[in-house]
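Please read it alongside the sequence and the structure.

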Amino acid sequence: MTLTASIPEQWSTRLETLEFRHGVGYEVECRPDALRELCNWIADTLGYAFAGLIVEQAAHEWELRYLFHATELPGWVHVIVRAGRAYGRLPSISDLIHAADWPEREAEDLFGLIFEGHPRLGDFVLHDDVWQEGVAPMRKEFDALARAIARAPNTNWRPDRIVHAPGAFGMPVGPVYSGAAESAHFLLETVGEDVIRALPRFFYKYRAVEKIAEGRRAEDALLLAERINGLTAFAHGLACAQALEAIGGLEPPPRGATLRVFLAELERLRHHVGAIQEICESTALAVAAAEAGVLEEELLRLSGALTGHRYLFGLSACGGLARDLPDAELAATVVRARAILERLESLEHRLVRTSSFLDRLEEVGLVTEEEARAFSLVGPIARASGLVRDLRKAQPYCGYAAFRFDVPMEAEGDGYARLRVLFAEARQSLSLMTQALDRLPEGPVRVPEAQERSTAMPQKAGAALGWTEAPLGAALHWVRIDERGMIVRYRIIPPSFVNWHAFYLAAEAFAFQDFPIILATFGLSVSENDR
Amino acid sequence: MIEAIAILVFFALCALGALSALVMPQRRNPALLAIAGALAGAALCVAGSHALISHHPFSLALWTLPVNGTLRLGLDPLSGLFLLITGVVYLLTSIFSAGYLERYREHYSLRAFAVLYFGLFASIAAVLLARDILSFLFAWELMSITSYLLVNFEFEREESIRAGYLMLAMGEAGTLAAAVALLLLANAAGSTDFHAIGAALGHAGVVSSGARWTVFLLSFFGFGVKAGLIPFNSWLPRAHPAAPANISAILSGVILNLGIYGIVRVNLDLLPVSFTGPGLVALIFGAVTAFVGILYATTENDAKTMLAHSSIENMGIIVTGLGAGLVFLAAGRPALAGIAFVAALYHLINHSVYKALLFLSAGTVDARAGTRDLDRLGGLIRTMPWTALFFLVGALSIAAMYPFSGFASEWLTLQALLRSAELDSSAVRLVFAFAGVTLALTAALAVTCFVKAFAMGFLGHARSNRAEAATEAPVSMLAPMGALAALCFILGVIPTVVIPQLSGTLEALGDGRATEALVPAFFATSPDHAQLPKDFVAEFHDLGAQAGSSFIGGRGLVVLHRGGAQNPVVFAMSTSYGAVVLIILLAVVLGAVRFGTRKRRTLREVRWDGGVRQLFPEMTYTATGFSNPVRVVFDAILRPRTVEDSEETVAQHFRVAIRRSREPVHPIDELVLGGLSSQLIRIARLLARMHHGKLNAYVAYVLGTLIVFLALAAAMWK
Amino acid sequence: MSQWVLSGLKAGIKTSRYPRHREDAPGVTPGLPRARALGSPLSEEDLRLIDRCPTGALMRQGERIGVDPRRCVHCFRCAVEGLNAMPWEPSYEWAAATGSGSGSLGHPFSRSVNIRVVDAGDCGACLHEVKQLANPYYNLHRLGFFFTPTPRQADILVVVGPGADQMRSALEKTLAAMPTPRVVIAVGTCALSGGVFGPSFTCSDGVGSIVPVDIEVPGNPPPPLAILHALLLATGRARSAAWRPGSNGLAEEPLAGDAERNP
């Protein structure tokens, strides 16, 4: 049932507008009192997935954009609701759609909006023991470069405690912990044997990417996009580039699009080998960790030799690719990658026959399908819990519709299922790279508007959504630029932000030694989450 | 003579203390109690020590009752030992009370406290001085009642009332059993006088085997209630914490000993055991008591309840030693029996000292930090360093750490158990093995328990505001604890002086050659030196066994048991030399480190906490967490009831609270108390049907009873 | 389990022979731009080239275009755009001592040191390169370097990331918890100059404003060999690179190399 057919029947009297815009999707505007019902209907009845929330500050009002996308057919729905600047209150939808919990908390902290009915606002992005309430740095009035801001931290701040039991306490892990790990804090609540609940606290690495992007040139947004998560730099850069292209009405040439697929899958292969290495390392299976480390380093060197940068920085461009890559080198890369994959499969073969390794992964860190659906999880984690959401299939971009590949799925939702998904996706990535090489046409890699620069600059004002299926899941970039090509609003919804939300479900009632393993099987990025 | 005077002075001081307490104003009472109690305790110490050293039993006839015989008071070395312990504990606790009783001045009557205090003191002394059954039972009842009233002192607290009542009820049941045992003895011997009974029943064959078993079981379990043996010790973990801390110290340090005194008096003095059965029963029950006691202590977070359970454990160890001694005695090995009895009595002394110390420290902490819950204490070593030090000494002693007192006595007990290898019957050896293994497990759990107690109570972060605001106790409370701590150290470091004294108490009871069995006369200055074989002495002379002979007199400083030609030294230790070496080593190492790093700068920084902005107390380990592995391992015995609950708000995934509570179930309590009480209630319900209020029926009851008695009288007359 | 022993042995030795020999394998380093002389007469393209750098890493120094490696974010615009591209230097020994503080640990630490890594907001690439040092290709254990989770036993503090504000106290505490002698290595362009992020209300212009930095390693991210070079420099087993870091941005000397030989 298409959206235009179903909506007028039931909602025509309560909607302000409904239109379809190219590069955006359906925009449905409603009033705040109809918001909850409408969102619930889209999520429940139509079965669309909630993808994120974008808050923009217009001249006299707040514009909130709730993103939904269909899981079977292409199509985005933006539910737009406006609130007056002075008022800033909206109903919370997180009791109906739990995946909206974190986006609402983030909007409250960064913009100062109130979501009525949300039970836990505050102390999310800006830590209450560092910042006072009401800072709202994402408001336009706030100067990003202001260095001397008066701080009045809450001296009575105490960590959230969930477990009430005699003698219960919380073991603090982080933000500086382990040998070399990203900074995040976990409070493991326990009465001394099993950890009953793990409460994460993020945003220690908050760099305010969305804020500092405002006022910069559009092409510099690409630099920021790549450096949100350096391990999936190309995927984020690609999403940003596609958003800019949608604004400027630019279409990359075929060679550029095919090379984009090639590089995206090369990055996915390398990322997944890295994730496998982390899992082997967390279970202390030293030989397997070393072998996986060898494979990852070889893929990094392969990427570096092919493109000049081990993590594929500097290749994303609006209108195509920043530079061309010679066919011979691409072919040699595929040959070497295939050899690497063979060794990876041999590693997999041995791993699944090592019972001590499997013992530590099976039934550890369970996320059920129902929970995955409620939290709208994305990426390999969702697929390991039986929820297949892959933007390459559901909302194809970059010509993925023409490629033949499977999206692996497992149903158990434990660490072993996630590992199997990683191996299967690595195989699929190599297959995609081979297909991309086979159908690689001649021609330029970027649009003529780019001229002699590595990237084109869209010259008109507008806003659009760009998306990719990054190695960790769906990455969404919303860019709004003005007529000079300067960024007005840059909103990033990374897959780790969505998935970290559900981490505590997996980290419940486990032995303390399993904690690094659960972290490793999730394999999420904190820098992407914190931005 | 001296003993008589000292005892007279003692009773006079008690009476004076009680009477003047009634007259004095409330606020002067603590000081008065301290002075009078200290003096009375000193007098008792004099009496007890003199009796111990001089080995001169003395007896004083009080007055003669027509039917029941003469009431006698008297002292023999065994009573002297217990009197000495009582005196020491009372002396120091009284000084402690001066500062401690301040907290009760507003709410409760200190006059009543003082009267009961001195009453308890006098009745305990009377129990120990009694030389015939009537005065014994009379004094015993007085002691039970006054201790019940003292446990009930904070009568506004529900906990105290219930605890006191349970203690009284179970205590009376035990007293009843013990009284029956004593009366059986009196019946068999034809007299109520202890000396007469001992003389009459001392020969074998006078009392039948069945009667012996009856007497043993009744006295063992009857006095065992007072001593806190399973299965009748449910009152202990409730009564000791409910009482004020100074009374808890007395309960644990003095009154529990009375139970042991009763068992020893009946089964070693009045009717010495002549076959191995009773000893084995004592072994098994002692070992199981010790294990169960320490298990509950390790998983308990309330400081005083934990100490109460630990008292149960120590009583178990003492009874195990006694049981071993009884078996050795019945098997005809008096030297080994002597070793076992010496070990048991040594442990008794040590337990009184360090348990009193621990209870006083726990009371101090309770008074200054406002709570006894280990989960809410912490960090007290900074604000209460002296209390922490004394508690540490007590904890090291009770955990049997070298070279403190607990080590010497527990080591000796285990060695005595190992001597079962010299017995013939393998069944007996098996029981000894079981007891030994259980005691070893108990010792390990004791270390865990007291590491937890000290670490969670004194180290780390303060876990509550009151704990953070605690201040050090006044000198009047610290000095007695310091004295007890010093005693813990001294009793551990000079076992060779203590053992001959203990051995002396047993001479009157049996063959007391424990001194020779344990403390060979290495010092050339000792009169028995010539009796040791020359080459043996020479060997140890080279090892330095003469060291210290100029400081401390006596036979030597090594506790050593000799075997045959094959095995000249069966076991040996010297805490005296060890302590000296330890101190020298510590001093040398400390000095070397200080000297070696004298040029270095020391940076003091905050503890590493992973970079969190502030480490809150709720992020540090709690006592529950620390003892959880023990709880998990012994889950089958503890069988806790887990209640887990979770609350939601708004919608399914916004969880706000997870509640979980765990209550340990005492299976023995449920079986024994629960079973007994339900049966009794059933019987009472049946009997209650008689009370229906009809006057005519009551008259009929009276008539019926009269007829029955007339018939009985008529039958008996014939 | 034996399958792992056999497969491990069969995999052979992959370890690089750096620092004894140069590591030449392709893909080990992204390289850095090298200073070059300005064309004569001065060309518009050269001046536009200097403007194209988004972080100001290229600057005019008299007759040369100098490169401040502390600011280069590897966007490659100066290398690929249709201008007179900057020459590229495929090196990796980029670590330089700042001269403040000790810079080196001293002889007892030359063969065995412990490292504490703190992530002060990095994108993940720098941290990942640091972690790659433990893979068999680089194997920092053979050189006596070990990661430790406790700063109490650490001798070297490696900081990555631009110095996010909410990590400030954690970073300060980590340094305070380390006993002396200690060396602080700032790894990555973000840690040296803030990269594309700083300065802002929540990021500083480099971690140098939070902790005193002894050794700086530029790169975005610096390859594992560059980080290894920095570690060897900290233990006195390597020489500092020729550029000298200034405290406030500009390098006092451009990146050395064949700059003189290139017209």
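Contact here means heavy atoms within 4.5 Å. By that rule, 61 residues of chain C are in contact with 75 residues of chain A. This is a predicted model, in which local features need pLDDT of at least 70 and side-chain atom pairs count only at pLDDT 80 or more, while totals for chains, interfaces and linings use all residues. Residues are numbered from 1 along each chain as its sequence is written, chains are lettered from A and ligands numbered from 1 in the order in which they are written, and side-chain values use heavy atoms, with hydrogens and water left out.

**Buried areas**

Buried area is the accessible area (1.4 Å probe) that two parts lose on being put together, summed over both. Between chain C and chain A it comes to about 5,700 Å², and carbon and sulfur atoms give 57% of it. On the chain C side, W4(C), Q166(C) and F201(C) supply 17% of the area that this chain buries against chain A, more than any other three residues.

Within chain A, an automatic or database domain assignment sets the domain bounds, giving domain 1 (3-116) and domain 2 (209-530). The centres of these two domains of chain A, taken over C-alpha atoms, are separated by 27 Å, and their contact takes 29 residues from domain 1 and 24 residues from domain 2. About 2,200 Å² is buried between domain 1 and domain 2 of chain A, with 59% given by carbon and sulfur atoms. E56(A), W76(A) and W102(A) supply 28% of the area that domain 1 of chain A buries against domain 2, more than any other three residues.

**Rings and charges**

Rings of Phe, Tyr and Trp (its six-membered ring) pair if their centres lie within 6.5 Å, and planes under 30 degrees apart count as stacked, over 60 as edge-to-face and the rest as tilted. Over all chains the structure holds 65 aromatic pairs. One of them joins F503(A) and F515(A) edge-to-face, at 6.2 Å centre to centre and with 75° between the planes. F503(A) lies in helix α16 (residues 503-506) and F515(A) in helix α17 (residues 515-522) of chain A, so the pair ties together parts that are 12 residues apart in sequence; helices (H or I, at least four residues) and strands (E, at least two) are DSSP runs, numbered from the N terminus. Both F503(A) and F515(A) are buried, where buried means under 20% relative accessible area, exposed over 50% and partly exposed in between (1.4 Å probe, protein chains only).

A charge sits over a ring if NZ of Lys or CZ of Arg is within 6 Å of the ring centre and within 35 degrees of the ring normal. The table gives two such cases.

| Charged residue | Ring residue | Distance from ring centre |
|---|---|---|
| R420(A) | Y416(A) | 4.5 Å |
| K226(B) | W235(B) | 5.9 Å |

**Strands and backbone**

Two strands pair if DSSP finds at least two bridges between them. In chain B, strand β3 (residues 559-562) and strand β4 (residues 569-573) pair in the antiparallel sense over four bridges, V559(B) stands opposite M573(B) in β4(B), and a hairpin of six residues joins β3(B) to β4(B).

The peptide bond from G174(A) to P175(A) is cis, with omega near 0°, and P175(A) is found in the loop between β9 (169-173) and β10 (185-190) of chain A. Phi of E363(A) is near 60°, a positive value in a residue other than glycine, and E363(A) counts as exposed at 66% relative accessibility. Phi of C398(A) is likewise near 60°, whereas C398(A) is buried, with a relative accessible area of 16%.
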